[in-house]
Amino acid sequence: MSDIAQEAWRKYLIQLQVHPLRTKAITAGCLAGCSDLIAQKISGVKRIQLRRLLLIMLYGFAYSGPFGHFLHKVIDIIFRGKKGSKTVAKKVLLEQMTSSPWNNFFFMMYYGLVVEGRPWGLVRSKVRKDYPSVQLTAWRFWPIVGWINYQYMPLQFRVLFHSFVASCW
């Protein structure tokens, strides 16, 4: 790793220790922005939709980073002192039965109402129509990510890992 990258990583780790919530929020916002920028480029847009990009970054910063920060803290409190594959499976199951459905619903609502600026009636009918398939697709992929996250990632890196995978998703 280059000296610049090592120094940046060292400073990031310090910020993660000193200001964990703020650092995770900024990280989630930046990764969400990178993800949307890449998605826009892949889709072939001629000009980057800056408003959309900033609203996706806001979602990562104001919601997904802080939500993940507190979710993982609460899950670790619930399963305090317990280790092993059964505990990891229970953590993944708890996450998939609670936060996964909520986060998918919330994102679909946010994207329709705020990012796209559609009226409530249209967003509601789109969510009713698309939500089941979105959630079923999520349940095919995200439990694997959750397993890796709870099995191998220290608490302070779980939001970073999740946000990185989400940006690739």
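Author: Helices here are DSSP runs of H or I with at least four residues, strands are E runs of at least two, and both are numbered from the N terminus. The model is predicted, so local features need pLDDT of at least 70 and side-chain atom pairs pLDDT 80 or more, while totals for chains, interfaces and linings use all residues. Residues are numbered from 1 along each chain as its sequence is written, and side-chain values use heavy atoms, with hydrogens and water left out.

Reader: What makes something a pocket rather than a cavity?

Author: On a 1 Å grid over the protein atoms alone, a cavity is a set of points where a 1.4 Å probe fits but cannot get out; a pocket is an open set with protein on both sides within 12 Å along at least five of seven lines, and lining residues have an atom within 4 Å of a point. The largest pocket has a volume of about 1200 Å³, and Y59, N104, F107, A166 and W169 are the closest to its centre among 42 lining residues. α3 gives the largest share of that lining, 10 residues.

Reader: Why do you count Y150 in the lining of the second largest pocket?

Author: Lining residues qualify by having an atom within reach of a grid point, and Y150 is one of the 14 residues lining this pocket, along with K82, K83, K91 and R158 among those nearest its centre.

Reader: Which helices supply at least two residues of that lining?

Author: α4 and α6 do, with α4 giving the largest share, 4 residues.

Terms used
Points joined across faces, edges and corners; volume = space filled by probe spheres on them.
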